[in-house]
Amino acid sequence: MTSLQQPRSHQKAKALKPGSRRPAKALCSECGLCDTYYIHYVKEACAFLNEQIANLEEQAHGRSRNLDNSDDLYFGVHQDMMAARKKEPIPGAQWTGIVSTIACEMLNQGIVEGVVCVQNTKEDRFGPMPVLARTPEEVLAARVNKPTLSPNLSVLEEVERSGMKKLLVIGVGCQIQALRAVEKQMGLEKLYVLGTPCVDNVTRAGLQKFLETTSRSPETVVHYEFMQDFRVHFKHEDGSTETVPFFGLKTNQLKDIFAPSCLSCFDYVNSLADLVVGYMGAPFGWQWIVVRNDRGQEMLDLIQDQLDTQPVSSKGDRHQAVQQSIPAYDKAVTIPMWAAKMMGVVIERIGPKGLEYARFSIDSHYTRNYLYVKRNYPEKLDNHVPDFAKRIVAQYKLPD
Ligand code: FAD
Ligand code: SF4
């Protein structure tokens, strides 16, 4: 900087010290914004202090979602949706590695100079370590979910210092909401945003409790996912797999592990990313792609020839299963494993599939989270719950 240049106003702000109380207090999802001088904008930018999805949709996609269109209501603004998988999956990726492949291709083709993503710490395979990756190798080292709160935005100061003008950010909904709110202050020429859905995230300690109460061998788990067949699939170091039916989870012990931020989040589908890559709207084994705008399509086009694709489909009716799950979760009902396995087999055969499975998961989580906010933060209920979530929740009868 020459002596004539003044730092931008946010550069004069001071990041909070690690471990200090965050402005969103117990609701902080540790998105990383407050670890940088962008804390200057926290009151407006934090997803838990200022819900503004509709405004930011307008900014990012040119319109906010149409609440009278059922796919928009559930999945957000989009211009295309499909199921896809890589013809040659990346070993060790969470699913088939579509996210990592897009990021590598964007670096290889010089479309971006850097990628914000999250590797793991040396000591802990699930310990999040956000990085500004400059090479495909550094992106690949970030593959697979770190299923814990992760301060991805903590590298934003490094981005500005680096002088990069074209950037890709990979992240989950709360990180992306804060990013969109400060996007204009970052001095970039082009920002691409590649999102994943996210739900039920936990602190590192909460993750340990989940692994210890659910897996036969918690210390050897390298990967897990709540899959479309209503089972949690664990993969272990020796390559073996283990499945546990959702209905067999020890709900009474697990109820408290989810982070308060995630119990009050209504952006499961990452509404503000250009492109979203998940799995829950796709058949078992496939990934689910939501293209929100032209920039998202541009990213997907880069790897189209490496993908098998098929149209999305939808089967079944989720409503009864969701309605029954509301009091069961509320009372933390835990059923014996033999009964859970039987229920799992039946629901897999007759239960919701494809987009209906995604709606099942969205309904179950939004009703649970609505109750959580109503009981714990009644003063926030009206402003914090977006209109689309209020409409979704209104389909069900909730306990007080
Ligand atoms: P990979 O190529 O393996 O890349 C994974 C990318 O995720 C990496 O670039 C990494 O930087 C990023 N990442 C890893 N951990 C985090 C984190 N904690 N915060 C931000 N970014 C991270 N999809 C659904 O359809 N339904 C769900 O309920 C669902 N829940 C999820 C919960 C969490 C906590 C996360 C992180 C993801 C979730 N997803 C969900 C997305 C899904 O599990 C896959 O991440 C997605 O399909 C991409 O798979 P992939 O093989 O293409 O990713
Ligand atoms: Fe700051 Fe992010 Fe926590 Fe909000 S969620 S208080 S922006 S670190």
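Select H12 and H14: Ala321, Val322, Ser325, Ile326 and Tyr329 in H12 meet Phe360, Asp363, Ser364, Thr367 and Arg368 in H14, where contact requires C-beta atoms, placed from the backbone, within 7 Å. The residues of this contact divide into five nonpolar, three polar and two charged (nonpolar: Ala, Val, Leu, Ile, Met, Phe, Trp, Tyr, Cys and Pro; charged: Asp, Glu, Lys and Arg; polar: the others, Gly among them).

This is a predicted model, in which local features need pLDDT of at least 70 and side-chain atom pairs pLDDT 80 or more, while totals for chains, interfaces and linings use all residues. Residues are numbered from 1 along each chain as its sequence is written, with chains lettered from A and ligands numbered from 1 in the order written.

Helices are DSSP runs of H or I, at least four residues, and strands are runs of E, at least two, numbered from the N terminus. The crossing is right-handed, that is, the near helix is turned clockwise from the far one by less than a right angle.

Next, select ligand 1. It is surrounded by 35 residues, the closest being Ala93, Ser100, Cys117, Gly278 and Met280 (C-beta, placed from the backbone, within 6 Å). H4 gives the most to this shell, three residues. The shell has 19 nonpolar, 13 polar and three charged residues.

Finish at ligand 2, where Ala24, Cys28, Cys31, Cys34 and Cys46 come nearest among 14 residues. Eleven nonpolar, one polar and two charged residues form this shell.

Terms used:
Two residues are in contact if their C-beta atoms, placed from the backbone, lie within 7 Å.
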